[in-house]
Amino acid sequence: MRATGTALLAAVCLLSACLAAAAAPKPRGSGPGDFGPPQGEPIHAQLTSPPFVPPPIHRNHPAKVIVELEVREVQKEISEGVTYTFWTFGGTVPGSFIRIRQGDTVEFHLKNHPDNKMPHNIDLHGVTGPGGGAASSFTAPGHESQFSFKALNQGIYVYHCATAPVGMHVGNGMYGLMLVEPPEGMKPVDHEYYVMQGDFYTVGRYREHGHQDFDMQKAIDETPTYVVFNGAEGALVGDRALKAKVGETVRLFVGNGGPNMVSSFHVIGEIFDRVRYEGGVHEQENVQTTLIPAGGAVIVEFHLEVPGSYVLVDHSIFRAFNKGALAILKAEGPENKAIYSGKEVDSVYLGDVAANRAAVTEARAAQARGTLTKEQQIKAGEARFTGTCSVCHQGNGEGLPNVFPPLARSDFLMADKQRAIGIVLNGLTGMVTVNGSDFNSVMPPMSQLNDDELANILTFVRNSWGNSGDAVSAEEVKQVRASTKRPEGAAH
């Protein structure tokens, strides 16, 4: 009896599979994703700027889809107070998100804005054909090119400029993603977001103010100044953070434009339920960190159980906290202490991303005008201190007994301003006596910070928690930095 039931169940399953296979769209052309000629009137693709994604496609037939994309060379901030000339698809880095269906015929129009200085083209990894469209789309400023292709393969695909020197065009931000949905569509989720990593090479060092140019030698040596999500440090933090709610499912389309670095993509505090790795059709489950090669992409999905700030990073961790590869997803909703006790992400991870950026921006603008006040320095310094120094010295400046000396009412700190500048710049190892107590620990050098950042931090510390002193200027920090010899390769 049991054997008969088992055989019956197997027959039902086999019949269901056959019916499902019969109902699924079948390729009718020469390739695996060729579902025949386009049907209906042409459709103009809806393109979106990052981090947003066009709505899902609800079509059961292939169509002719017209994509119009314009190259624009634009000057924007890559970091607070640092500008860079980006070469872009659609005015943003990454470029506009393109969403089509497997089997669609795409009529692609590439325009090169007349104000641009360089010729450009486009290589779409989702195109089957030599060059991915590059040879057909070489476009001078003020001109437009057109070519067509059939989207034979489903997946998430990178596109980028392929005009020589290719690395320079990609390194200036010329990349984006194109999603080719399967004929049956994708499983519905609550939120879809578009995130893309890129590495940038500037003549000036990390966070050096002013306009920065592309550094070809750094690019050849593969030593990026910045590694960022969506074209700038802080592009997805604060008011621009991704948003979701507890109980919702989030799908991220994550690309890596490169041109050089491989990304180790991770969301701190989450585990990916599913990862479609390398942009293909196969899925891996319960993934902590996924590799994304330069010129590659993944689709990750996860559901949110508890509220808080989830930090997206490249887990090659110095890139996250010292080059900019860090973003935030803010989840709102009720706590679930059975899953997590409920403490917000602290400054160990958020760092100066959690800072009062308005105070930092105000101080920088005032310094440029020559009107910087001590009060403005104190506010900006507090923001940087919170993200840089408070883990050891604590938010109240009291330090940790027998471990980290106090800054509050500190006789050691206030006795010699030049010495204080030197310690923050160059670090300190060994025994010190502060307020009558001995401390024997290590303070690492903070020489990676800019002169004005260090000046503001010191001004804040020297005028908080019972301390009272004059302001520290960026020029004073600069002089101490210049007089300090450092070994080759050290931060300057």
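User: What makes the contact between the side chains of R207 and E233 a salt bridge?

Analyst: In this predicted model, the N to O distance between the side chains of R207 and E233 is 2.9 Å. A salt bridge requires a nitrogen of Lys or Arg within 4 Å of a carboxyl oxygen of Asp or Glu, and the pair therefore qualifies. The bridge links distant parts of the chain, 26 residues apart: R207 is in the loop between strand 10 (191-200) and strand 11 (210-212), and E233 is in the loop between strand 12 and strand 13 (242-245). Both R207 and E233 are buried.

User: Why does the pair E80 and R364 count as a salt bridge?

Analyst: The side chains of E80 and R364 meet at 3.8 Å, N to O.

User: How do you know whether K111 is buried, partly exposed or exposed?

Analyst: The relative accessibility of K111 is 29%. Buried means under 20% and exposed means over 50%, so K111 falls in between and is called partly exposed. K111 forms a salt bridge with E68, at 3.6 Å from N to O. This pair joins strand 5 (residues 105-112), which holds K111, to strand 2 (residues 64-79), which holds E68, across 43 residues of the chain. E68 has a relative accessibility of 41% and therefore also counts as partly exposed.

User: How many salt bridges are there, and which residues are linked in a network?

Analyst: The count comes to 22 salt bridges. R99, E181, E192, R251, R274 and E301 are linked in a network of such bridges.

User: Why are helix 7 and helix 11 described by the word they are given for their orientation?

Analyst: The two helices pack at an angle of about 100°. Angles of 65 to 115 degrees count as roughly perpendicular, and helix 7 and helix 11 are therefore given that description. Their axes are 7 Å apart. Residues of helix 7 that meet helix 11 include K374, Q377 and F385, and their counterparts in helix 11 include E453, N456 and F460.

User: What makes helix 11 mostly covered?

Analyst: Eleven of the eleven residues of helix 11 (residues 451-461) are buried. Among them are D451, L454, I457 and V461. The elements that cover these buried residues include helix 6 (357-369), helix 7 (374-388), helix 9 (411-415), helix 10 (417-426) and helix 12 (474-482).

User: What makes I317, F318 and F321 a nonpolar patch on the surface?

Analyst: A residue of a patch must have over 30% relative accessible area. F321 reaches 32% relative accessibility and so passes this cut-off as a partly exposed residue. F321 is found in helix 4 (residues 317-322). Together, I317, F318 and F321 have about 290 Å² of accessible area.

User: Why is T223 placed in its accessibility class?

Analyst: T223 has a relative accessible area of 40%, between the limits of 20% and 50%, so it is partly exposed. T223 is found in the loop between helix 3 (216-221) and strand 12 (226-229). Not counting residues up to four places away in sequence, T223 touches Y201 and K218. The C-alpha atoms of T223 and F200 are separated by 8.9 Å, although these residues are 23 apart along the chain.

User: What makes the backbone of N230 and N286 worth a remark?

Analyst: Most residues other than glycine have a negative phi. Phi of N230 is near 55°, a positive value, and phi of N286 is also near 55°. N230 lies in the loop between strand 12 and strand 13, whereas N286 is in strand 17 (residues 284-287). At 9% relative accessible area, which is under 20%, N230 is therefore buried. At 59%, which is over 50%, N286 is therefore exposed.

User: Which peptide bonds are cis, and where do their prolines lie?

Analyst: Most peptide bonds are trans. A cis bond joins A164 and P165, with omega about -10°. P165 lies in the loop between strand 8 (155-160) and helix 2 (166-171). The bond from G258 to P259 is also cis, with omega near 15°, and P259 is in the loop between strand 14 (249-258) and strand 15 (263-268).

Note on methods:
Residues numbered from 1 in each chain as written. Predicted model: local features only at pLDDT ≥ 70, side-chain atom pairs only at ≥ 80, totals over all residues. Heavy atoms only, no water. Patch = residues over 30% accessible without salt bridge, like charges linked within 9 Å, V, L, I, M, F, W, Y side chains within 5 Å. Areas by Shrake-Rupley, 256 points an atom, 1.4 Å probe, with all protein chains shown as cover. Helix = DSSP H or I, 4+ residues; strand = E, 2+ residues; numbered from the N terminus. Buried < 20%, exposed > 50% of the residue type's maximum accessible area, 1.4 Å probe, protein only. Contact = heavy atoms within 4.5 Å. Axes fitted to C-alpha atoms, helices over the stretch in contact; angles between N-to-C directions. Parallel < 35°, antiparallel > 145°, perpendicular 65-115°, else oblique.
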